[in-house]
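Student: I am new to this structure and would like to learn how to read it feature by feature. Could we go through it slowly together?

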Amino acid sequence: MTSPLSPAAFDLTGTLSRRAQSMTASAIREILKVTQQPDVISFAGGLPAPELFPLDEVRAASQRVLDVYGPAALQYSTTEGHPPLREWIGAQAGIPARNVQIVTGSQQGLDLLGKVLIDEGDVVLVEAPTYLGALQSFQPYLPRYVQVPTDDGGIDVDALEEVLKTTRAKLLYAVPNFQNPTGRTLSAERRRRLVELTAQHGVLLIEDDPYGQLRFTGAAAPSLYSLGLELHGDADRNHVIYSSSFSKTLVPGLRDAWVQAAAPIIAKLIQAKQGADLHTPTFNQMIIAELVDSVLPRQIERVRQAYGERARLMLDRIHADFPAGVQSTTPEGGMFLWLTLPEGVDTQALLPRAVERKVAYVPGSPFFALGGGENTMRLSYSNATPEQITRGVRALGDTLRDALAGA
Ligand code: N5F
């Protein structure tokens, strides 16, 4: 006889929701564990250069915030976000502050958008490849992914038009500027068609743009959001949802980012965020608001210049040190470039050998919603010094040469 106090055998794994069972670990965060060893040169994480962080300015802003706001800086605050920060973001985009929702990193924005927009089985269109963190955010809401092909000009809009003829899609997720993971940028002509096509077919368009300010060469193209605004004439009718972040322009550790969207979507984001974390840290938002006019513009300039130099150096070293048959994208901004190796090379299998040579990257496959891309990899140049870039690319070139000789 079992006593009422003796516990029943519990299948704890079996108690997990289908939602939880569909979750997977981020390939980037897993690799960051390996690359935390101090002697490994990491081209893996999309980490900003810490030596460029405006430490003194953040210190001074923190002091000012405490002086000006007192205890209110440390109190709970509204879910929508710190009003002066929302006003500032709205003014930049030419929209009312009420169309701006502050979020705790744009990663939270992606999760909340998934929560309020995706029903199980809804078709979510994604670039092939796309940002794997977005796949990770959307996955628990059990979408059906459909991949849209991309080339050097970004999303192939002709291919998209074909897909839309036969597929009823809920939303399309895109990173049009210096895409994560490829570093590619959507061409100006394609932007207009992408906005029009999605509008015609009733497909929401999520424009994820954490890197747009970090252009180091070439001319800027209009945001999809601004084209949507032009098309609909009103922020509350825009079918484009815009997401950006202070992570790559100021600092990622304060976790301050935002979403711009039409009123019905913002209303639901607020409710979803109340359930997630009530609000983004009050103090952090106040610090960011202190910095947006006085520090942000010159910080962007510094970061652009440094990343431009690092990208050019990495490309030069790749051309000099890599075996023939490796193709690289040429980013005009942002933090990433993308390598395609000869067919048959498996970059996941190769990673331990690269780490033995003290260099790390992210294998390309996890960036494809439906698999593929085994012969691709993402390299980030933002977090490595010029000396590390030179040494790391040489080590990676040696790793690739060995692999090709073995293949
Ligand atoms: O705003 P935040 O810091 O939450 O950035 C999230 C994010 C959203 N959208 C795109 C396209 C992004 O690239 C990112 C940040 N991605 C970095 C990466 O390496 O792919 C984050 C890596 C940092 C980490 O996982 O520790």
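Student: Which elements do the buried residues of α9 pack against?

Tutor: Before the answer, a word on the source: this is a predicted model, in which local features need pLDDT of at least 70 and side-chain atom pairs count only at pLDDT 80 or more, while totals for chains, interfaces and linings use all residues. Residues are numbered from 1 along each chain as its sequence is written, and side-chain values use heavy atoms, with hydrogens and water left out. Helices (H or I, at least four residues) and strands (E, at least two) are DSSP runs, numbered from the N terminus. The buried residues of α9 pack against α4 (83–93), α8 (188–200), β7 (204–208), β8 (240–245) and β9 (257–260).

Student: Which residues of helix α9 are buried?

Tutor: In general, an α-helix has 3.6 residues a turn, so residues three or four places apart point the same way. Buried means under 20% relative accessible area, exposed over 50%, and partly exposed in between, with a 1.4 Å probe and protein chains only. In α9, which spans residues 224–232, the buried residues are Leu 224, Tyr 225, Leu 227, Gly 228 and Leu 229. After α9 comes Gly 233, with a positive phi near 75 degrees.

Student: Is Thr 185 buried or exposed, and what does its side chain reach?

Tutor: Thr 185 is in the loop between β6 and α8, and it counts as buried because its relative accessible area is 15%. Its side chain reaches the backbone nitrogen of Phe 178 at 3.1 Å. Contact means heavy atoms within 4.5 Å, and, setting aside residues up to four places away in sequence, Thr 185 touches several residues, among them Asp 152, Pro 176, Arg 191 and Arg 215.

Student: Where is Lys 170 found, and with which side chain does its own side chain make a polar contact?

Tutor: Lys 170 lies in the loop between α7 (157–166) and β6 (171–174), and it counts as partly exposed because its relative accessibility is 28%. A polar contact is a pair of N or O atoms within 3.5 Å; within protein, one must be able to donate a hydrogen and the other to accept it, and residues adjacent in sequence count only if both atoms are side-chain atoms. The side chain of Lys 170 makes such a contact with that of Asp 122, at 3.2 Å.

Student: How is the protein divided into domains?

Tutor: Domain bounds come from an automatic or database domain assignment, and here they give domain 1 (20–53 + 297–406) and domain 2 (73–291). The centres of the two domains, taken over C-alpha atoms, are separated by 25 Å, and the contact takes 34 residues from domain 1 and 34 residues from domain 2.

Student: Which residues come nearest to the ligand?

Tutor: A residue is near a molecule or strand if one of its heavy atoms lies within 4 Å of it. There are 18 residues around the ligand, and Arg 29, Ser 106, Asp 208, Tyr 211 and Ser 247 come nearest. The shell draws at least three residues from each of domain 1 and domain 2, and its largest share, 3 residues, comes from α2.
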